[in-house]
Amino acid sequence: MLATRALSLVGKRAISTSICVRGGHGVAKVDDYNPLPDVQFVTELSAEQRSLKEKEKGSWATLSNEEKIALYRISFKQSFAEMNEGTKEWKSVIAGMFFFIGMTGLVVLWQRKFVYGPVPSTFESEWKEKEVQRMLDMRINPVEGFSAKWDYENKEWKK
Amino acid sequence: MSLAKPAMRGLLGKRLRFHLPIAFALSLVAAAAFKYGVTEPRKQAYADFYKQYDATKEFNNMREAGIFQSVRPTGE
């Protein structure tokens, strides 16, 4: 029973291939015939290709390298090397990245100028000087940190 | 076309036997490097600082600078 069902599938497949001959490349509905192999790339064979296919039925030792490549090209669109080669898409990706980062930078600059208010008074140099002096008076981190770098004798930063 | 049959078993064991000693060794090296590069110098720095530390003198200097709330500088 399985054999007859398989044979009927093969029969349907032959009809689909002949429809392909009229339609050109890539019209076959390959999904219906899973797991049978895909349709070959060149469906309308020239006279030369047809004679080569006949020669293929004999001993393959008689085929030259060019003939073998021609047979491959009948069955497949691309070689493995052609199929696996990378595209130049990464250049567009990097370009797009830089463009959008730049746009974001412009947005951030505009925000800094037109959206944010002034910075707190505690950032002014006068205030900061008083802040540093108070930290040194309190001996903040006197062993290895802040006050350790201040020379209390000469009232200057250690060299 | 007769290639050798590839290893089918013991793959994890082989990987562990190779990588675990290296992992342990590198971890020990990292720990030793941190101990002798960071913690020992730090302990020494603290020891040196407190060898010459005069708490009363420092307190008086801080008091004169006016940072305390409980004791004002002398003369106020």
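## Fold of chain A

From the N terminus on, the elements of chain A follow the order α-α-α-α-α-α-β-β, which comes to six helices and two strands. The model is a predicted one, and the values that follow are computed from it.

Of the 159 residues in chain A, 14% are buried, where buried stands for a relative accessible area under 20%. The accessible surface of this chain comes to about 13200 Å², and carbon and sulfur atoms account for 63% of that surface. When contacts in chain A between residues at least 6 apart in sequence are considered, 20% of them join residues at least 24 apart.

## The largest pocket

The largest pocket holds about 670 Å³ of space, and its lining is made up of 22 residues, with Arg139(A), Tyr152(A), Glu153(A), Glu58(B) and Asn61(B) lying nearest its centre.

The largest share of the lining, five residues, is provided by H2(B). Sorted by class, the lining of the largest pocket contains nine nonpolar, nine charged and four polar residues.

## The second largest pocket

The second largest pocket has a volume of about 280 Å³, and its lining includes Pro37(A), Asp38(A), Val39(A), Gln40(A) and Phe41(A), together with Tyr72(A), Ser75(A), Phe76(A), Lys77(A), Gln78(A), Phe80(A) and Met83(A). Helix H3 (65-75) and helix H4 (80-84) of chain A each contribute at least two residues to the lining of this pocket. By class, the lining of the second largest pocket divides into seven nonpolar, three polar and two charged residues.

The size of an interface is often given as the accessible area lost when the parts come together. Chain A and chain B bury about 800 Å² between them, and 61% of this area lies on carbon and sulfur atoms. On the side of chain A, Arg139(A), Val143(A) and Glu144(A) supply 62% of the area that the chain buries against chain B, which is more than any other three residues supply.

Seven residues from chain A and ten residues from chain B take part in the contact.

Terms used
Residues are numbered from 1 along each chain as its sequence is written. Chains are lettered from A and ligands numbered from 1 in the order in which they are written. This is a predicted model: local features need pLDDT of at least 70, side-chain atom pairs count only at pLDDT 80 or more; totals for chains, interfaces and linings use all residues. Side-chain values use heavy atoms; hydrogens and water are left out. Helices (H or I, at least four residues) and strands (E, at least two) are DSSP runs, numbered from the N terminus. Buried means under 20% relative accessible area, exposed over 50%, partly exposed in between (1.4 Å probe, protein chains only). Contact means heavy atoms within 4.5 Å. Accessible areas come from the Shrake-Rupley method with a 1.4 Å probe; for residues, only the protein chains shown count as cover. On a 1 Å grid over the protein atoms alone, a cavity is a set of points where a 1.4 Å probe fits but cannot get out, and a pocket is an open set with protein on both sides within 12 Å along at least five of seven lines; lining residues have an atom within 4 Å of a point. Grid points are joined across faces, edges and corners, and a volume is the space filled by probe spheres set on the points. Ala, Val, Leu, Ile, Met, Phe, Trp, Tyr, Cys and Pro count as nonpolar, Asp, Glu, Lys and Arg as charged, and the others, Gly among them, as polar. Buried area is the accessible area (1.4 Å probe) that two parts lose on being put together, summed over both.
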